[in-house]
Amino acid sequence: MTEPFVVVGGDAAGMSAASKAKRDDPDLEVVVFEKGEWVSYGACGLPYYVKGEIQSLEALVSVTPEEFREERDIDLRTGHEVVAIDPDGQTVTAEPLDGGEPIVQSYDHLLLATGAEAVVPSIDGTDREGVYTLGSMSDGKELREYVARARTRESFQQPDRGPACRYLEDCVGPVAVVGGGYVGLEMAEALAANGFEVNVFQRGDRLLNGFSEATSEAVADHLREEDVLVHLGTDVLELTGDDAVEAVVTDEGRIDVEMVLLGTGVRPRTALAEAAGIDLGETGAIATDAYCETNVPDVYAAGDCAEAAHTVTGDPVYVPLALTANRHGRAVGQTVAGTPTEGGSVAGTAAIKVFDVEAARTGILDHEEATAAGFDPVTKTIDANSRAGYYPEGGTVTVTLTADRQTGRVLGGSLVSEYGEGAVHRSHAIVGALEEEATVFDLEDYDLAYAPPFNTTWDPVLVAAKVLSGTLR
């Protein structure tokens, strides 16, 4: 008899691995330990739950714990925190959160899918009431409840300081979002849509750092059109108040708020791995090989706690995104079931919707990063119609494309358009070029679909490739 395949963490990577392993080898015993009560949920949907577009937390759950246990025959133990790993004895120790006796579970193969946690920046006052992060289902529930409470008030006015909202006539309350990345901007929309006066504070000089400057500027301009107050190049120094937060203090002054959402990124949960002697990589996440195996034999890591290889450079990167977690978890499941499977590289492909704008990015756009990887980057940005000019609808797609000057190899791209005009879906052609190590000369000859309601004869990606290839020639 073999020992079970044990998984620590019950979200995307963990449950993908458990399900795939059980499907490929029905006789394999699979045990999953999850500290919380939720498993296999779409954390990316939490801003839309807070906004009110999604009505229940349960709607974000892909597969319930009962379905895993009864239909997939997986021994899923929620409410159990794994506190130690013994690689020599091949056991893990889990403590039930209800106060029961610790469990020592043996394993043949172990997957660490411990995920990531929200970063709390080093700012005085982050422990005050009214300061939130959005990294879990419980965080989403608390924020939704806050929004509901605020919307039931007849008015909001801070004592002795006059009206708290300075710009919106029908204002539920003034709030702050610290951080101009994915979560910060999605939450800015969610809060503004509920009547809050939203201030977005970004330490750097633009939003969405991984995107092109053209994309970042388009998104910032649209936020301002939607009455979101965007503070770029602004250091948040302190969150002041008594027990509850009352104001954000920056290097430019003080702004009264009643709530602060910290959207300053995530960090991998690695304490359990480190304590067991499992190596971390240069990114600070768990180091793995092509098969997601760590330096400790038969111990794997996947998802938001682990590194991956970059598609363009081959170097280790930390890209905590949902598809990466699902892909790598599935690969680990196949491997432990007897079919060794590589996790695959990642290009950092991502997308975001902000009010009526959509944007996507993939690969390497930053010239310093590209140069450090040995490339000589050249970038061009173009604007093109999203549909045939004579078609009664449509808009503009802005495409930024970066390639290597010497070889013409496509390095990355960033696109932005009005919501529904195809920036996100068009990015997939650039992803394909990155995966195939194609040049811009190859990309300009891609046979992309055309019909007036969907596109121009020359897709905006093809136009960008033509312009950039002309520069390189």
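Colleague: Fine. Which residues is Pro65 in contact with, leaving aside its neighbours within four places in sequence?
Modeller: Glu37, Val39 and Leu76.

Colleague: What's the basis here, and how are residues numbered?
Modeller: Residues count from 1 along each chain as its sequence is written. The model is predicted, so local features need pLDDT of at least 70, side-chain atom pairs count only at pLDDT 80 or more, and totals for chains, interfaces and linings use all residues; side-chain values use heavy atoms, with hydrogens and water left out.

Colleague: Back to Pro65. Buried or exposed?
Modeller: Pro65 counts as buried, at 15% relative accessibility. Buried is under 20% relative accessible area, exposed is over 50%, and partly exposed is in between, with a 1.4 Å probe and protein chains only.

Colleague: Where is Pro65 placed?
Modeller: In helix H3, residues 65–70. Helices (H or I, at least four residues) and strands (E, at least two) are DSSP runs, numbered from the N terminus.

Colleague: And what separates the C-alpha atoms of Pro65 and Gln90?
Modeller: 26 Å, with the two residues 25 apart along the chain.

Colleague: Switching to sheets. What is the strand order in the one with S1?
Modeller: S3-S2-S1-S7-S18, an open sheet of five strands with parallel pairing. Two strands pair if DSSP finds at least two bridges between them.

Colleague: Which strands stand at the edges?
Modeller: Strand S3 (75–78) and strand S18 (299–301). Each has a single partner strand, so one side of each is left without a neighbour in the sheet.

Colleague: How many bridges between S1 and S7?
Modeller: Four, in the parallel sense, linking S1 (residues 5–8) with S7 (residues 109–112). Val6 stands opposite Leu110 in S7.

Colleague: What does helix H1 touch?
Modeller: Helix H1 (residues 12–24) packs on the sheet and touches S1, strand S2 (30–34) and S7. Its direction makes about 165° with that of S1. Axes are lines fitted to C-alpha atoms, for helices over the stretch in contact, and angles run from 0 to 180 degrees between N-to-C directions.

Colleague: Where does H8 lie?
Modeller: Helix H8 (residues 322–336) lies across S1, S7 and S18, at about 160° to S18.

Colleague: Now the sheet with S10. What order?
Modeller: S9-S16-S10-S11-S12, open, five strands, parallel pairing. Its edge strands are S9 (131–132) and S12 (229–232), each pairing on one side only.

Colleague: Which residue stands opposite Ala176?
Modeller: Val260 in S16.

Note on methods: Contact = heavy atoms within 4.5 Å.
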